Amino acid sequence: LLVREEMAGRLRIQILCAVLLVLETASVDVGTEEYVFCFSGNVVAERGNAVSLSAKSETVVTVNERELGGTLHTYDVPLEAGGATLLTWSSSKRTLGSGRIEDKGLSIQSPVPLTVIGFNVEDYSTGAFLTLPTHSLGLHYRVASFCNLDAFNLRSQLAVVATRDDTQVTLTPTFPADPGPDTPNTLPAGTPFTITLQRLQTFYLQAVNVQGGDLTGTLLESTAPVAVFGSSQCSQIPLGVEA
């Protein structure tokens, strides 16, 4: 997804986030629309995150934020017909640390369909993503990311958010990944491992910090629908070109 913003008199293009190729769509009930997402790590953490919410008709949506310890912070937000409402969070809401399960997922529930666009905002490293309704989410994914062009923390990465309690997610990385407190001690390419997530918990994974590290093609299989976000901490194409 290309995000263009003008800064210091020139156009910057930053590719941050894309998730492609849902191989199997789960069968779920379609009632109230729900949109589940998280904010992945960035190369710096100085600014923040946001989502833009738009609806064709006037409505009130409910925002659910999973917080430390699994508590749920819930509040309502009114939306005007045809407008765009911006909600913001600090950079502390981003996933942090490869191989770690965290209480950082969010959901937005609405009686009408929405357009939900997320923003991960940093100078020279801003990205965006489109959030899909949960009835469009799947059980099998292949991740689309971007390779690390040097060894300066421009890492390939992915994040997963659970929509239901006790969701088992099996990941088979295509490149060695950095382990963490919630994974085996080593994560070699081609070796699957499984984690268990509660509703709105997140799991974050990064390729090891070497030139060419890329999690593109990593397979994710889950026992319930999950939202998956493939990204890069900061994409420079080619290396050294920031705009």
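Mentor: A disulfide is counted as a pair of cysteine sulfur atoms within 2.5 Å.

Trainee: How many disulfides does the structure hold?

Mentor: The structure holds zero disulfides. Before we continue, note that this is a predicted model, in which local features need pLDDT of at least 70, side-chain atom pairs count only at pLDDT 80 or more, and totals for chains, interfaces and linings use all residues. Residues are numbered from 1 along each chain as its sequence is written, and side-chain values use heavy atoms, with hydrogens and water left out.

Trainee: Is C38 buried or exposed?

Mentor: C38 is buried, at a relative accessible area of 1%. Buried means under 20% relative accessible area, exposed means over 50%, and partly exposed lies in between (1.4 Å probe, protein chains only).

Trainee: And what about C147?

Mentor: C147 has a relative accessible area of 22%, so it counts as partly exposed.

Trainee: Changing topic, what does the secondary structure come to?

Mentor: The protein has zero helices and 18 strands. Both are DSSP runs numbered from the N terminus: helices are H or I with at least four residues, strands are E with at least two.

Trainee: Which strands make up the open sheet that contains β10?

Mentor: That sheet has four strands in the order β4-β10-β6-β7, with antiparallel pairing. Its edge strands are β4 (33-37) and β7 (72-79), each pairing on one side only. Two strands pair if DSSP finds at least two bridges between them.

Trainee: How many bridges join β6 to β10?

Mentor: Four bridges join β6 (residues 59-66) to β10 (residues 106-110), and these strands run antiparallel. Within this pairing, N64 has S107 in β10 as its bridge partner.

Trainee: Where is T59, and what does it touch?

Mentor: T59 lies in strand β6 and is buried, at 9% relative accessibility. Setting aside residues up to four places away in sequence, T59 touches V77, P78, L79, S110, P111 and V112. Contact here means heavy atoms within 4.5 Å.

Trainee: What about E58: buried or exposed?

Mentor: E58 is exposed because its relative accessible area is 69%. E58 sits in the loop between β5 (48-54) and β6. Leaving out neighbours within four places in sequence, E58 is in contact with L79, E80 and A81.

Trainee: How far apart are E58 and E80?

Mentor: They are 22 residues apart in sequence and 4.7 Å apart in space, C-alpha to C-alpha.

Trainee: Which open sheet includes β5?

Mentor: β5 belongs to an open sheet of four strands, ordered β8-β5-β11-β12 with antiparallel pairing. The edge strands of this sheet, each pairing on one side only, are β8 (85-90) and β12 (127-131). Seven bridges join β5 to β11 (residues 115-121), an antiparallel pair. In β11, I117 is the bridge partner of S52.

Trainee: What does β15 pair with?

Mentor: β15 (residues 167-172) pairs with β16 (residues 193-197) in the antiparallel sense over five bridges, and T170 has T194 in β16 as its bridge partner. β15 also pairs in the antiparallel sense with β18 (residues 219-232), over four bridges. There, L171 stands opposite L220 in β18.

Trainee: Finally, how much of the protein is buried?

Mentor: Buried residues make up 49% of the 243 residues. Among contacts between residues at least 6 apart in sequence, 80% join residues at least 24 apart.
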